[in-house]
Amino acid sequence: MHWLLHILGQPAAAVGESPLRIGSDPGSEIYVAHPGVAHLHARLIPDAAGLLWIEPAADEAADVHVNGRRIVRGAMLAPGDELHLGSCALRLSSAIKPDSAKRPAAQPTNFSGRVLLRALSGAETGRAHVLVNSLCIGRSDLSEVRIDDTALAERQILLQRQGNDILVKNLSPVLEMRVDGWICEEAVLQPGSHISIEQHRFRFEAPCGESSSLTDPEMAVPMQPVNMSALPPADPARRIFSPAQWILLAVAIAISGFFIILLSFSP
């Protein structure tokens, strides 16, 4: 996973697979010339699973906020997150801008599973909205995801299925919609894509479709034939019942015969 860290007034910094130091020290991997940034303010730490973490420095002046929440020890980051190092604002985005014209065939959406839009902000944080064919976000009571915010339009964002893809559109250009940190009017969503409009944030969740082209034939393990002659001969009696089961069956038959005899001699 590769990311871009956008810093106001500076070129975007690429974040790869190595830890990076952020600070006002010119020797830092990400140099931020801002009076509110400490000498060593924070570290960006990628891990083997493709996730990215931010860790504030031990200095008490190294104040770090992610999406308006202060981070004490560390936090996992996602594309579109807004970072504040002191009074310096930064934004994290995916390395490639989502494109509505380019359909990423490598990871088609698997519609046999649950396709969800999960809220990441506000009173409904964590709530998942199921997406079947379309789903609208807005201020209207008719919207599947209603947000009581006068800044939003009645119908602000539309998620709609198009073939094997989910297309997201910004229906009201008054407010900017960001997908994975990029300003977009419309884009094709990938499983894990983050959508934000003002302070409202959502994550698109869906299982990826299986693709045989993703399997490396050299890595595939061939199926080994089974040598039937090497297997021990099967016992027909043990194949049906175990010895304990045979005993229980015999006892059940004996008890049944006893009750039949009693009923036969009863008046």
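I began with terms: helices (H or I, at least four residues) and strands (E, at least two) are DSSP runs, numbered from the N terminus, and two strands pair if DSSP finds at least two bridges between them. This is a predicted model, so I kept to its limits: local features need pLDDT of at least 70, side-chain atom pairs count only at pLDDT 80 or more, and totals for chains, interfaces and linings use all residues. Residues are numbered from 1 along each chain as its sequence is written, and side-chain values use heavy atoms, with hydrogens and water left out.

Entry one, the strand. I looked up S196 and found R201 as its bridge partner in β22, while R178 stands opposite S196 in β21. I saw that β21 and β22 (residues 200–205) run antiparallel, joined by four bridges. β18 (residues 177–179) also pairs with β21 in the antiparallel sense, over three bridges. In the hairpin of β21 and β22, two residues sit between the strands, and E198 takes a positive phi near 55°.

Which way do the β21 side chains point? I noted H194 and S196 on one side and I195 and I197 on the other, all buried (under 20% relative accessible area; exposed is over 50%, partly exposed in between, with a 1.4 Å probe and protein chains only).

Entry two, the loop. I found K97 between β11 (88–94) and β12 (116–119). K97 is partly exposed, at 44% relative accessible area. Leaving out residues up to four places away in sequence, I listed W182, I183 and C184 as its contacts (heavy atoms within 4.5 Å).
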